[in-house]
Amino acid sequence: MTATSTPVLVAGGGPAGLAAATELSLHGIGCVVIEPRVQVSHRRPRAKTTSIRTMEHLRRWGLAGQLRAAAPLPVAWSQRVTFCESLSGRRITDFDGAFGLTTQRNGMFAEPGQQVPQPIVEEVLRTHLSARPGVDLRLGHTVTALDQDGDGVLVTVRDESGAGYPVRARYVLGCDGAGGVVRDQIGTRYLGKSDPRPNFNVVFRAPALDTHLGPAVQYWVVGGPVTGLMGRLDLTGIWWAIMPGIDAGYGSAHATELITALIGTPAEHEVLATDPWTARMLVADTFADRRVFLAGESAHVNPPYGGHGFNTSIGDAVNIAWKIAAVEHGWASPALLESYDDERHGVAAQTVASAAANMRSLAGDLPAEAAAIQRAKYPEFHSLGLVLGYSYAGSPVIQPSERPDPAADTTRYTPAAQPGARLPHAWLPDGTSLYDRLGSGFTLLGPVPRAAGLAARARERGIPLTLCEPPPDYPWAGEFLLVRPDQHIAWRASDPGDIDLDVVTGWAQEGRPGAFAPPA
Ligand SMILES: Cc1cc2nc3c(=O)[nH]c(=O)nc-3n(C[C@H](O)[C@H](O)[C@H](O)COP(=O)(O)OP(=O)(O)OC[C@H]3O[C@@H](n4cnc5c(N)ncnc54)[C@H](O)[C@@H]3O)c2cc1C
């Protein structure tokens with residue numbers, strides 16, 4: 001393998017790395033993705049909750065339909081989490097509409113959530129990327145070292161044969177998870193702690209297993225000697241289970257006994273895989289060092305309760321990738337990239353705190369009592385405030401405004417057009433989503449006849465700007481909202497002449513507002 005060069009090297013092809021490559025590709029920026037796993041790991045399904053927000057990104061990429069078609073559990077099959085004494089025992093209580101699952105159209109979002117095992121998401125993204133020009137997906141390869149200088153990063157990669165080779169990149173995205181090398185290579189470290197309790201995951205085949213409780217995406221078994229949560233991976237009889245408090249040795253020796261206890265009666269089954277893990281609450285002290293950026297679990301790790309880890313990783317990837325593309329295209333300042341850490345650090349900290357709060361009442365901590373379970377677990381299954389309500393207010397590339405209280409309601413989402421917020425969604429009279437009208441660059445939402453001046457200023461700077469007239473009943477129809485490629489509001493104004501393009505593209509941060517020079 002000879003030395004190569006690329007605008008962006010993505011270290012790691014898990015959810016964060018594949019999402020980053022997809023976003024870069026959407027904006028016409030090539031990349032090399034280095035991923036050691038040749039095949040995805042179906043026996044280690046991990047994330048199953050794809051949030052409303054991640055589904056909205058998939059819709060933007062044109063992949064939402066493909067993911068739903070590949071998902072073994074259709075949304076219509078179940079939107080429920082059931083608490084019970086066992087799969088064959090008493091129902092204690094249900095949470096309906098959990099994890100943003102709904103078959104009804106909702107004005108607040110463009111896509112409902114989807115339950116789908118992480119390996120299937122990875123497969124859909126791998127298939128998409130393998131057909132994209134400019135994307136070089138190198139499976140079986142591993143990043144071993146980085147050396148950064150003023151113009152770029154020299155990355156050492158090991159191929160399948162064990163031979164090392166260099167790749168020169170202008171930017172590196174460290175999407176190599178908690179066990180990767182990029183975090184250490186840039187001298188960053190995790191801050192936080194681990195939960196002392198072990199956890200034991202099992203994937204098993206039980207084609208004849210069913211439950212009188214009816215369809216649910218998760219069954220929480222509480223109140224008995226063995227507690228935990230379980231669910232179907234597909235409708236052909238593959239199941240998963242998580243048993244908190246069970247260590248690897250005991251779990252491996254007693255897997256059948258544990259599964260039988262959760263089911264509540266002997267049921268024929270075959271253990272396919274086991275996966276011990278520890279819950280961690282970690283956030284790296286910084287997500288960036290010059291041209292290297294950490295995204296996903298290499299930057300932060302949270303307990304899986306609430307289903308946020310993978311989704312937060314996708315949010316990171318989108319945030320840094322559109323910014324690198326804007327800088328590469330020459331219409332944004334490299335200073336735009338500094339806002340990545342600023343915008344994503346708070347979201348990661350908020351997510352870790354929420355997941356840690358969910359972990360305070362695990363299956364073994366809960367009484368078999370409906371009201372207590374509803375009180376304790378509601379925020380875990382209904383977290384729209386966290387999923388849609390996070391804001392980049394206070395970022396140096398967002399119109400100056402008050403940074404919102406990070407303790408804002410996790411459960412409730414109130415659409416708001418404040419700078420930094422996700423653009424409030426709306427369905428259009430023809431049944432399409434307002435999001436479908438946004439451009440892949442910036443979009444100015446507002447009365448189009450009054451937008452000519454801003455359109456001319458954007459054109460002069462090479463900023464891709466789409467003009468979009470909101471529907472008349474949109475609550476902010478009379479105002480102007482400048483929307484970024486990631487659907488967050490960069491600026492809100494009653495006169496588009498007041499919008500400062502230097503701020504939103506990072507040029508103002510160079511210390512010289514107005515320093516922008518049009519691309520040659
Ligand atoms: C039991 C469990 C359940 C979970 N459930 C959910 C859920 O419902 N919803 C949710 O959102 N999240 C969930 N998560 C979390 C989710 O799995 C992670 O947040 C997600 O995988 C993070 O994605 P990532 O791409 O950042 O990291 P990873 O998925 O860890 O990917 C990192 C990639 O980097 C590669 N790599 C490693 N070292 C190198 C190297 N040196 N060079 C190049 N590549 C390298 C790895 O092979 C891997 O593919 C769960 C986790 C667990 C443990």
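**Salt bridges and cysteines**

Modeller: Happy to! Let me start with a network of salt bridges, which links R59, R68, E111 and D436. A salt bridge here is a side-chain nitrogen of Lys or Arg within 4 Å of a carboxyl oxygen of Asp or Glu. Please keep in mind that this is a predicted model, where local features need pLDDT of at least 70 and side-chain atom pairs count only at pLDDT 80 or more, while totals for chains, interfaces and linings use all residues. Residues are numbered from 1 along each chain as its sequence is written, and side-chain values use heavy atoms, with hydrogens and water left out.

Across the structure there are 31 salt bridges. One of them joins R422 to E56, with 2.8 Å between the closest N and O atoms. R422 sits in the loop between α11 (384–389) and β19 (442–445), and E56 in helix α2 (residues 52–60), so this pair ties together parts that are 366 residues apart in sequence. Helices (H or I, at least four residues) and strands (E, at least two) are DSSP runs, numbered from the N terminus. R422 and E56 are both buried; that word means under 20% relative accessible area, with exposed being over 50% and partly exposed in between (1.4 Å probe, protein chains only).

Next comes R197, whose side chain meets that of D365 in a salt bridge at 3.8 Å, N to O. Here too distant parts of the chain are linked: R197 belongs to strand β11 (residues 190–205), D365 to the loop between α9 (339–358) and α10 (370–381), and 168 residues separate them. R197 is partly exposed at 31% relative accessibility, and D365 is partly exposed at 41%.

Strand β11 also holds R205, while E270 lies in strand β15 (residues 270–284). The side chains of E270 and R205 form a salt bridge of 2.8 Å, N to O, so the pair connects parts 65 residues apart in sequence. E270 has a relative accessible area of 40%, which makes this residue partly exposed; R205, at 32%, is partly exposed as well.

Now for the cysteines. Searching the whole structure turns up zero disulfides, a disulfide being a pair of cysteine sulfur atoms within 2.5 Å. Take C31: its nearest cysteine sulfur belongs to C175 and is 9.7 Å away, and C31 is in no disulfide. C31 is buried, with a relative accessible area of 2%, and C84 is buried at 0%.
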